[in-house]
Amino acid sequence: MSSDPIGDLFAILQNANHKLKEHVDFPASNLKKEVVRLLKEEGYVSGFKLVPDRKQGQLRVFMKYTSNNGRVIRGMKRVSRPGLRIYRGADELPKVQGGLGVAIVSTSKGLMSDQDARRKKMGGEIIGYIW
């Protein structure tokens, strides 16, 4: 059992991206599904699906690469963690890589990108960065 499942998700995705894997599986949870849904919306992964098993199910994420096997995901960083939560208001949300990346923000209306949170004038917990 992990104390930081989102940190583990980021590590799994970074390792799969580094090895140019076609897809990667890991235990599913609602928060992980929402993070992966946001990554798909932002264009960092090509898709995902829930693979049932005898427990909570496996989340299969299909990685995305450019036509010449270039990586779409350049990097990921976990910001808020169980030992140190990081919260920011709507006007304090960071721009990742000068606006080229995405900050994943957990708001009262669910997970959303930093751009959506700024547009809706909502702050929240900064889950992580992806660029």
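I began with Ser113, which, leaving aside its neighbours within four places in sequence, is in contact with Leu38, Glu42, Val102 and Ala103. Contact here means heavy atoms within 4.5 Å.

Before going on I noted what kind of model this is: it is predicted, local features need pLDDT of at least 70, side-chain atom pairs count only at pLDDT 80 or more, and totals for chains, interfaces and linings use all residues. I also noted that residues are numbered from 1 along each chain as its sequence is written, and that side-chain values use heavy atoms, with hydrogens and water left out.

**Ser113, continued**

I placed Ser113 in strand β7, residues 110-113. Helices (H or I, at least four residues) and strands (E, at least two) are DSSP runs, numbered from the N terminus. Is Ser113 buried or exposed? Ser113 has 0% relative accessibility, so it counts as buried. Buried means under 20% relative accessible area, exposed over 50%, and partly exposed in between, with a 1.4 Å probe and protein chains only.

**The chain as a whole**

I looked up the secondary structure and found three helices and eight strands. Along the sequence they follow the pattern α-β-α-β-β-β-β-β-β-α-β. The radius of gyration is 15 Å, close to the 14 Å from the globule rule for 131 residues, so the chain is as compact as a globular protein of that length. That radius is taken over C-alpha atoms, and the globule rule is 2.2 Å times the number of residues to the power 0.38.

I read the span of the C-alpha trace along its principal axes as about 40 × 40 × 25 Å. Of the 131 residues in the chain, 40% are buried. I took contacts between residues at least 6 apart in sequence, and 62% of these join residues at least 24 apart.

The chain exposes about 7700 Å², and carbon and sulfur atoms supply 48% of that area. Accessible areas come from the Shrake-Rupley method with a 1.4 Å probe; for residues, only the protein chains shown count as cover.

**Strand β8**

How many residues of strand β8 are buried? In β8, residues 124-130, seven of the seven are buried, so the strand is largely enclosed by the rest of the structure.

I then listed pairings of β8; two strands pair if DSSP finds at least two bridges between them.

- β4 (residues 76-78) pairs with β8 in the antiparallel sense over three bridges, and Lys77 has Tyr129 as its bridge partner in β8.
- β5 (residues 87-88) runs antiparallel to β8 and is joined to it by two bridges; Arg88 has Gly124 as its bridge partner there.
- β6 (residues 102-107) pairs with β8 in the antiparallel sense over five bridges, and Ser106 is bridged to Glu125.

**Loops**

I found Asn69 in the loop between β3 (58-63) and β4. At 52% relative accessibility, Asn69 counts as exposed. From Asn69 to Leu31 I noted 38 residues in sequence and 29 Å in space, C-alpha to C-alpha.

Next I checked phi angles. Most residues other than glycine have a negative phi.

Leu20 is not a glycine, yet its phi is positive, about 55°. Leu20 sits in the loop between α1 (5-18) and β1 (23-27), and its 36% relative accessibility makes it partly exposed.

Gln97, not a glycine either, has a positive phi of about 50°. I found Gln97 in the loop between β5 and β6. Its relative accessible area is 47%, so Gln97 is partly exposed.
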